[in-house]
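Please read it with the model open beside you.

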Amino acid sequence: MLSGGSRALQHLSDYHHHRTSIGLGFCGAKIVQLSSFFLRPSQAIGRGQLSNKLRHRMISSSGFHYRTSGETPILHNCFSQREDDLQLPADGSSPVSGGIVALGKFDALHVGHRELAIQASRIGTPYLLSFVGMAEVFGWEPRAPIVAKCDRKRVLTSWDSYCGNKAPVEYEIEFASVRHLTPREFVEKLSKELRVCGVVAGENYRFGYKASGDASELVRLCEEYGIGAYIITSVMDKKQDSEKRDSGDSKDRGQVSSTRVRQALAAGDMSYVSELLGRAHRLILQVNNTGDMQSERRISVPRSSILNLPPGEGVYKACLILAGDNEPSVPCSVVVDTSYIHIETEELGLCNSDWSQELKLLSVEFG
């Protein structure tokens, strides 16, 4: 198993030991020295490039509006797969004003993404800031998300214990609105429009028009605009199988990535998927009780009715089916073929569910 969980707990222990000396844990108008115990900018960005840039002025959070993770979940509706925007605070400020935003592409919400959230939570109120609509802008083929839109809040809530009881909230920006921003303009947007207190990014993070900015430039620009910048090293894939470590991505240096998760799902290696995600993969299905119910023990759901990426074709034992928050999980087996997801359980009545609704959401956990 990947050591993301134990490593995060060790970081928390280290953090409580060092917080007095390094001044982290809140955004005050002060100079802070980045410690190498979990943020290693000198290693992450290059030989000596950051030796004179380890001190960053943190803008004061006084007067800023903080939002806790429980107030405004970003995603609700599984049927439409549409997002609800974070509501603007009453004072008209940005929903992420005063917070610490983790930067990245958070498709899989894997252990590397969780590590970004952990570091953001140590400094202030954590958010995940990412972009939506990139496929439409670039004309990419549509593909199913790894995590269903309506399931993302559950995953982020499960990170609560890693993040000091501050589960991160997502904040998404339409990619088309920032596509042509230079690295400087992007950081200026973070500072003046979104009014964030700090940013956390991985060592390979790229930003700005045509990905022209790197982590070193992010640190430099954030310092100029009075934002704390924290660069962390990548969470590495612990698998030793060379075949699985070769993702075919030229940017892949062995770190955990959404590409690896997709490849592991396609191969049907659910144990490996669980290691990369830090949890069991959950497939969300929209079930039509007038056509999908084959018997009291079997459901066959067409692929057009699944809301996120299933594993590759095959038979999967030791799965769990969940029909709702208030209903117990039930052991089941799953068969994935070219057209359908077939679910079979030994229990009569299939989870004792109320099938009075024409459409119902079911969750299947693998592994």
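1. A residue is called buried when its relative accessible area is under 20%. In this predicted model, Gln119 has 0% relative accessibility and therefore counts as buried. Gln119 is found in helix α3, which covers residues 111-123, and its side chain makes a polar contact of 2.8 Å with the side chain of Glu115.

2. The count of salt bridges in the model comes to 10, and the points below take up some of them. One of these joins the side chains of Asp151 and Arg154, with an N to O distance of 2.6 Å. Asp151, at 7% relative accessibility, counts as buried, whereas Arg154, at 29%, counts as partly exposed.

3. Lys192 counts as exposed because its relative accessibility is 58%, while Glu188, at 28%, counts as partly exposed.

4. A further salt bridge pairs Arg282 with Glu365, and here the closest N and O atoms are 2.7 Å apart. Arg282 belongs to strand β8 (residues 281-288) and Glu365 to strand β13 (residues 359-366), so this pair ties together parts that are 83 residues apart in sequence. Are these two partners, Arg282 and Glu365, buried or exposed? Both Arg282 and Glu365 are buried.

Definitions and conventions
Residues are numbered from 1 along each chain as its sequence is written. This is a predicted model: local features need pLDDT of at least 70, side-chain atom pairs count only at pLDDT 80 or more; totals for chains, interfaces and linings use all residues. Side-chain values use heavy atoms; hydrogens and water are left out. Helices (H or I, at least four residues) and strands (E, at least two) are DSSP runs, numbered from the N terminus. Buried means under 20% relative accessible area, exposed over 50%, partly exposed in between (1.4 Å probe, protein chains only). A polar contact is a pair of N or O atoms within 3.5 Å; within protein, one must be able to donate a hydrogen and the other to accept it, and residues adjacent in sequence count only if both atoms are side-chain atoms. A salt bridge is a side-chain nitrogen of Lys or Arg within 4 Å of a carboxyl oxygen of Asp or Glu.
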